[in-house]
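Visitor: Could you walk me through this protein, please? I am new to reading structures.

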Amino acid sequence: MATQAAFAVRFPQLARPGRGQGQGQPAARVAVRGGRAPAAAARGVRCRAGGLIEPDGGRLVELVAPEKGGRRAALRREAAALPHRLRLGRVDTEWLHVLSEGWASPLRGFMRETEFLQALHFNAVRGGDGSLVNMSVPIVLALDDAQRRAIQADGATAVALVDAHDRPVAVLSDIEIYKHNKEERIARTWGTTARGLPYVEEAITNAGDWLIGGDLEVIEPIKYNDGLDQYRLSPAQLREEFARRNADAVFAFQLRNPVHNGHALLMTDTRRRLLEMGYKNPVLLLHPLGGFTKADDVPLSVRMKQHEKVLEEGVLNPESTVVAIFPSPMHYAGPTEVQWHAKARINAGANFYIVGRDPAGMGHPTEKRDLYDADHGKKVLSMAPGLERLNILPFKVAAYDTKHNKMNFFDPSRKEDFLFISGTKMRSLAKNRESPPDGFMCPGGWKVLVEYYDSLAPPEGSSKLREAVAA
């Protein structure tokens with residue numbers, strides 16, 4: 001956890017945004033209540049999308065075929081006519097979504113071998129101008145030996161990517177097939193090959209022994225039809241929304257847990273400090289991870305309902321907060337993965353990133369200890385290649401202040417007054433319908449959690465707990 005000097009912020013030359021060239025498209029209706037744009041006249045100049053931090057590679061890569069001009073219809077016909085089809089699994093589709101909207105700019109498709117090796121061994125890929133762009137996790141697509149032989153026997157240069165119902169969703173062209181060395185990939189990404197790593201078991205162990213990369217073109221925007229698509233704003237849409245609000249700084253906060261009042265204290269304090277630094281309208285991007293998570297994490301739909309209550313009850317200010325879903329799957333790869341989380345937010349327009357204790361970490365899958373050093377995430381971010389433009393804001397330590405009955409920044413001079421409530425403890429209280437201390441979480445948000453865990457309770461007369469569904 002960060003020390004009292006936690007806001008010893010790194011301010012490189014782009015601490016003040018100014019030269020970006022973010023490409024925009026009309027903004028979707030933002031899924032945040034009360035988000036009126038501040039009056040431009042109050043500042044004398046309107047902050048345009050181009051005024052935000054520049055995306056990696058200089059422009060936002062968007063890979064969805066445009067509907068105008070007939071390209072989308074032509075691509076759909078092209079995909080239907082291709083003889084080779086690769087069916088995407090859940091995590092594959094999430095990565096397709098990530099690539100299609102430009103979160104991984106300047107990548108233009110699933111990685112070819114050169115990009116894969118650079119990401120795996122350097123945590124960066126080299127751009128067309130020779131500069132290094134941070135890319136700490138491989139974004140790849142696996143196929144099995146039979147698929148490889150069939151594609152190579154035909155000399156195919158393109159394949160159709162299809163969903164679970166065999167409907168074409170994209171075309172991968174100018175393809176390259178190469179060996180999927182799973183052990184090397186796992187060891188380099190997680191620093192261990194121990195059994196029980198959630199993402200490995202979900203997406204790598206049973207995947208094919210080959211990888212296929214190429215240029216990607218997606219037929220239409222990815223939708224999940226789960227009642228949450230209005231929150232899935234692309235980087236271009238987020239940039240338009242930040243411009244609409246005349247944001248002169250954007251600070252991003254990623255989480256995969258419910259928001260408690262300690263989180264809210266940190267976020268509101270961050271905004272206060274940015275105002276003190278001279279920014280006129282810093283905007284918070286509250287950006288919960290929306291892809292694959294392990295089964296004992298609170299599901300996305302529940303988290304989003306809880307976040308809505310946090311805004312409704314005024315714990316966070318809707319005027320200066322944008323809530324959106326980050327579509328990436330979760331690796332739980334600690335300091336390696338947190339670079340990806342930070343890099344993707346640059347592409348969405350954020351120039352400040354809040355990082356906490358043990359970001360993207362987890363307990364060791366086979367030993368009773370944390371898998372990563374709790375401080376390594378923020379240290380790695382401060383020196384990661386390709387992230388020099390991003391201002392890293394380490395967490396201040398927040399805990400429940402029993403003397404003042406609220407969440408407060410930890411004061412070591414009276415440490416006996418503070419109670420640390422872990423995520424595990426929070427979930428245990430909710431499962432057992434026990435109330436947390438007053439001031440720990442807004443009442444409506446806590447009710448959402450209790451109702452979720454009640455829904456998992458076994459039916460009367462049964463001793464078996466219903467299984468949680470991974471988000």
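This is a predicted model: local features need pLDDT of at least 70, side-chain atom pairs count only at pLDDT 80 or more; totals for chains, interfaces and linings use all residues.

Visitor: OK, how many helices and strands does the protein chain have?

Guide: The protein chain has 13 helices and 15 strands, where helices (H or I, at least four residues) and strands (E, at least two) are DSSP runs, numbered from the N terminus.

Visitor: And what share of the residues is buried?

Guide: Of the 471 residues in the protein chain, 55% are buried; here buried means under 20% relative accessible area, exposed means over 50%, and partly exposed is in between, with a 1.4 Å probe and protein chains only. The accessible surface of the chain comes to about 20,500 Å², and carbon and sulfur atoms hold 48% of that surface, with areas taken from the Shrake-Rupley method with a 1.4 Å probe, and for residues only the protein chains shown count as cover.

Visitor: What about contacts between residues 24 or more positions apart?

Guide: Such pairs account for 77% of the contacts in the protein chain with a separation of 6 or more, a contact being heavy atoms within 4.5 Å.

Visitor: Let's do helices. How do α9 and α13 pack?

Guide: Helix α9 (residues 300–312) and helix α13 (residues 443–455) have axes 7 Å apart and pack at an angle of about 160°, the axes being lines fitted to C-alpha atoms, for helices over the stretch in contact, with angles from 0 to 180 degrees between N-to-C directions. That makes α9 roughly antiparallel to α13, since angles under 35 degrees count as roughly parallel, over 145 as roughly antiparallel, 65 to 115 as roughly perpendicular and the rest as oblique.

Visitor: Which residues make that contact?

Guide: On the α9 side they are V302, K305, Q306 and K309, and on the α13 side G444, G445, V448, L449 and Y452.

Visitor: How does α12 sit against α13?

Guide: The axes of helix α12 (residues 423–431) and α13 come within 8 Å and cross at roughly 70°, so α12 and α13 are roughly perpendicular to each other. From α12, M426, R427, L429, A430 and K431 meet W446, L449, V450 and Y453 of α13.

Visitor: And α3 with α5, what is the angle there?

Guide: Helix α3 (residues 113–122) and helix α5 (residues 182–190) cross at roughly 40°, with axes that come within 9 Å, and they are therefore oblique to each other. The residues that meet are F116, L120 and H121 in α3 and E184, R185, R188 and T189 in α5.

Visitor: What does D248 do with N281?

Guide: A polar atom of the D248 side chain lies 2.9 Å from the backbone nitrogen of N281; a polar contact is a pair of N or O atoms within 3.5 Å, where within protein one must be able to donate a hydrogen and the other to accept it, and residues adjacent in sequence count only if both atoms are side-chain atoms. D248 itself lies in the loop between α7 (235–244) and β8 (249–255), and at 11% relative accessibility it counts as buried.

Visitor: Last one: what is found at the start of helix α4?

Guide: At the start of α4 (residues 145–154), a side-chain oxygen of D144 reaches to within 3.2 Å of the backbone nitrogen of A146, and just after α4, G155 takes a positive phi of about 65°.

Terms used:
Residues are numbered from 1 along each chain as its sequence is written. Side-chain values use heavy atoms; hydrogens and water are left out.
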